[in-house]
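Subject: Structure handover

Hello,

Here is the structure I promised to pass on to you. Have a look at it first, and then read on for my notes.

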Amino acid sequence: MAIQAPEGTRDLLPDEAAFWDRFCATATEVFGAYGYVPIYTPLVEQTELFVRGIGEATDVVSKEMFTAISGENLKRLLEGETLKAKKRLSLRPEGTAGVVRAVVQHDLVPQGAPPVKLMYAGPMFRAERPQRGRQRQFNQVGIECLGAEDPTIDAEGIIMLMRFFERVGIERDNMRLLVNSMGCEQCRPAYREAVRAYMEQHSEQLCDTCRERMATNPLRAFDCKNEGCAAVMANAPKITDELCEDCAEHYGQVRALLDGADVPYMEDPTLVRGLDYYTRTVFEVQTGDDRAQNALGGGGRYDKLAEEVGGRPTPGFGFALGYERCVLALQDQGMELPSAQRCDLFVACVDDSLRAVAFQLVQQGRDAGFVCEMDHQHRSLKSQFKLADKLGAARVAVLGPDEAARGEVTLRDMATHTEALVSLGEVVDELGRALL
Ligand code: AMP
């Protein structure tokens, strides 16, 4: 059998590739209005960045990361050598750690500077079990803002994400915005202990994974899809009852700003999100009712992450959204991917002797910015018309020997089927008048 794309990966064929490009362009436009500018970081980073940044006990680090290893280093490993940290590389499972690393490495937020607002788009890699909406290579668009802890950053980020989803066509009624606060290093440790103690009391009703989580990362049990665990965790202590004064005030302001902007949301005190770095605000936008893969995107505040990766204390806020999940949501709403193909002018030749003239005309049209095509396979006139139709040509210029001798072509409007004789030198101007 011919070689297939690896499990859990997907080709973006032309229509979808063009859609992805427009999706990113929309993000640049919407996020740009809030001051976000692009940054692109490597797809591979030192493994240590993710282990320290995302948190060792998270699912992503413990089992979902792809290690990137050169043939030579693999040989060394198999021979029992250990690799230096610099040589231990992983494919990025998410974008935040790399962006924060770049901000620290290039000192993008010097002391006293205004916050830096960055956006990115591109593939992420997680060794998960592939299923609908869950791939091993998937595309995210995300933003990170470093250098400000004010709740205005959180609120404008959440509003911006909702505006983006609406701009790409996801209906407002089709989305749920959940918000929560995870507290900070003052209030979270006590809360974590309270949840651990509660889980211990109910450990016989928990799945094996959650029993393990009890020791390593008890808050992750809130994300367990097992019904028994969900029932137990529904009555667990709520973080929002345990927030310190500053965190409660911060959370209150985020909500007030969302209220003021008329952005509907639901508070969900069980929303913890997968990664360890979150502090204070966390949020998620969900769609449909497929509980497992219903998150379109989400994020939150990470005021300790810059220090985790070796920088000075720099508060941060960010989110990522899943491109493939958005496409699924749009398709569930009935959207079909628009065709990437466009053709403004197709030049057809009555016989082969005219191909050089056709070639020149096509070239003139392209130089003027129109999408122009001709036949490259010596087809009959009839099948050249079929091809023009297939390409969705708006106009077809028919070059016959008599017309060519007079320096003219017949220009046919494929929508109205009307035809006119146009001089060769006028075709491009005529296209401009008709199509622009
Ligand atoms: P996370 O970094 O886990 O918060 O993910 C952010 C968003 O990326 C999610 O809300 C999903 O839309 C998307 N996403 C995460 N993991 C996958 C995956 N394995 N396949 C496709 N999309 C994903």
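A word on terms before the strands: two strands pair if DSSP finds at least two bridges between them. Helices (H or I, at least four residues) and strands (E, at least two) are DSSP runs, numbered from the N terminus. Please keep in mind that this is a predicted model, in which local features need pLDDT of at least 70 and side-chain atom pairs count only at pLDDT 80 or more, while totals for chains, interfaces and linings use all residues. Residues are numbered from 1 along each chain as its sequence is written, and side-chain values use heavy atoms, with hydrogens and water left out.

Next, the ligand. Which residues are closest to it? The shell holds 14 residues, and the closest are Arg126, Glu128, Gln135, Arg273 and Ala295; a residue is near a molecule or strand if one of its heavy atoms lies within 4 Å of it. For polar contacts, I count a pair of N or O atoms within 3.5 Å; within protein, one must be able to donate a hydrogen and the other to accept it, and residues adjacent in sequence count only if both atoms are side-chain atoms. The side chain of Arg126 has an N or O atom 2.8 Å from an oxygen atom of the ligand. The backbone takes part too: a backbone N or O atom of Leu296 is 3.1 Å from a ligand oxygen atom, and one of Gly322 lies 3.3 Å from an oxygen atom of the ligand. On its own the ligand exposes 480 Å², of which the protein buries 91% (accessible areas come from the Shrake-Rupley method with a 1.4 Å probe; for residues, only the protein chains shown count as cover). Strand 6 (137-146), strand 10 (295-301) and strand 11 (316-322) are the elements that give two or more residues to this shell. Strand 10 supplies the largest share, three residues.

Leaving aside neighbours within four places in sequence, Gly142 is in contact with Leu118, Met119, Tyr120, Phe319 and Ala320, where contact means heavy atoms within 4.5 Å. The C-alpha atoms of Gly142 and Gly95 are separated by 7.3 Å, with the two residues 47 apart along the chain.

Ser181, in strand 7 (residues 175-181), is another buried residue, at 1% relative accessibility. Its side chain reaches the backbone nitrogen of Gly183 at 3.3 Å. Not counting residues up to four places away in sequence, Ser181 touches Ile239, Leu243, Tyr251, Arg280 and Thr281.

In helix 14 (residues 381-391), Gln384, Leu387, Ala388 and Leu391 are buried. These four lie on the same side of helix 14, because they cover an arc of only 100° around the axis, the arc being that of the directions from the helix axis to the C-beta atoms. Lys382, Lys386, Asp389 and Lys390, on the other side of helix 14, are exposed. The cover over the buried residues includes strand 12, strand 13 (372-374) and strand 14. Gly392 follows helix 14 and has a positive phi, near 70°.

Strand 14 (residues 393-399) has six of its seven residues buried, so it is largely enclosed by the rest of the structure. Strand 12 (residues 343-349) pairs with strand 14 in the parallel sense over six bridges, and Val347 has Ala397 of strand 14 as its bridge partner. Strand 14 is also joined to strand 15 (residues 408-413) by four bridges, running antiparallel; there Arg395 stands opposite Asp413.

Strand 15 in turn pairs with strand 16 (residues 419-423), antiparallel and over five bridges, with Glu408 opposite Ser423. These two strands form a hairpin with five residues between them, and His417 in the turn has a positive phi of about 65°.

Best wishes

Methods
Buried means under 20% relative accessible area, exposed over 50%, partly exposed in between (1.4 Å probe, protein chains only).
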